[in-house]
Amino acid sequence: MSLLQEMMDIVKAIYDMMGKYTYPVLKEDAPRQHVEVFFQKMDKNKDGVVTLDEFIESCQEDDNIMRSLQLFENVM
């Protein structure tokens with residue numbers, strides 16, 4: 001399974017879980033669009049592939065992701 005497919009599965013599960021609590025109701029293709037935008041942002045050299053290094057670099061540059069990880073670390 002590719003990283004893209006794994007991200008799609010995760011985002012779709014989150015949207016399925018939270019979608020019913022949002023207003024307006026999310027469109028069916030919202031998870032796919034969200035993942036595509038995220039992957040384009042992570043693909044630093046624009047070769048259509050997100051390497052582990054690109055993924056880590058993108059996560060480190062994103063304040064929201066870093067805050068989430070710090071919250072998780074505090075719980076552990």
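Among contacts in the chain between residues at least 6 apart in sequence, 28% join residues at least 24 apart, a contact being heavy atoms within 4.5 Å. The model is predicted, so local features need pLDDT of at least 70 and side-chain atom pairs count only at pLDDT 80 or more, whereas totals for chains, interfaces and linings use all residues. Residues are numbered from 1 along each chain as its sequence is written, and side-chain values use heavy atoms, with hydrogens and water left out.

The chain contains 4 helices and 0 strands, and its elements run α-α-α-α from the N terminus on. Helices (H or I, at least four residues) and strands (E, at least two) are DSSP runs, numbered from the N terminus. The mean pLDDT, the predictor's confidence in each residue from 0 to 100, is 79 for the chain, and 79% of the residues reach 70 or more. Among the elements, helix 3 has the highest mean pLDDT (88) and helix 4 the lowest (73). Where pLDDT is low, the predicted coordinates should not be read in detail.

Of the 76 residues in the chain, 21% are buried. Buried means under 20% relative accessible area, exposed over 50%, and partly exposed in between (1.4 Å probe, protein chains only). The accessible surface of the chain comes to about 6,300 Å², and carbon and sulfur atoms account for 60% of this area. Accessible areas come from the Shrake-Rupley method with a 1.4 Å probe; for residues, only the protein chains shown count as cover.

Three residues of helix 3, namely Glu 54, Ser 58 and Cys 59, are buried. Seen down the axis of helix 3, the buried residues fall within an arc of 130 degrees, so they line one face of the helix; the arc is that of the directions from the helix axis to the C-beta atoms. The face turned away from this buried side carries the exposed residues Leu 52, Asp 53 and Gln 60. Ser 58, in helix 3, counts as buried because its relative accessibility is 4%. Not counting residues up to four places away in sequence, Ser 58 touches Lys 41, Met 42 and Lys 44.

The structure holds 3 salt bridges, each defined as a side-chain nitrogen of Lys or Arg within 4 Å of a carboxyl oxygen of Asp or Glu. Side chains of opposite charge can pair when their charged atoms come close. Lys 44 is partly exposed at 34% relative accessibility, and Glu 61 is partly exposed at 47%.

A second salt bridge is formed by the side chains of Asp 62 and Lys 41 (3.6 Å, N to O). This pair links distant parts of the chain, with Asp 62 in the loop between helix 3 (52–61) and helix 4 (63–75) and Lys 41 in helix 2, 21 residues apart. Asp 62 is buried, with a relative accessible area of 15%.

In the remaining salt bridge, the side chains of Glu 36 and Arg 32 meet (3.0 Å, N to O). Both residues lie in helix 2 (residues 30–42), 4 residues apart, about one turn of the helix. An α-helix has 3.6 residues a turn, so residues three or four places apart point the same way. Glu 36 is partly exposed, with a relative accessible area of 37%, and Arg 32 is partly exposed at 36% relative accessibility.

Phe 38 is also found in helix 2. Leaving aside neighbours within four places in sequence, Phe 38 is in contact with Met 7 and Ile 65. Phe 38 and Met 7 are 31 residues apart in sequence, and their C-alpha atoms are 9.6 Å apart in space.

Ile 10 is found in helix 1 (residues 3–18) and counts as partly exposed at 47% relative accessibility. The C-alpha atoms of Ile 10 and Val 35 are separated by 9.7 Å, the two residues being 25 residues apart along the chain. Together with Ile 14, Met 17 and Met 18, Ile 10 forms a nonpolar patch on the surface, with about 380 Å² of accessible area in total. Patches are made of residues with over 30% relative accessible area and no salt bridge: like charges are joined within 9 Å, and nonpolar side chains (Val, Leu, Ile, Met, Phe, Trp, Tyr) within 5 Å.
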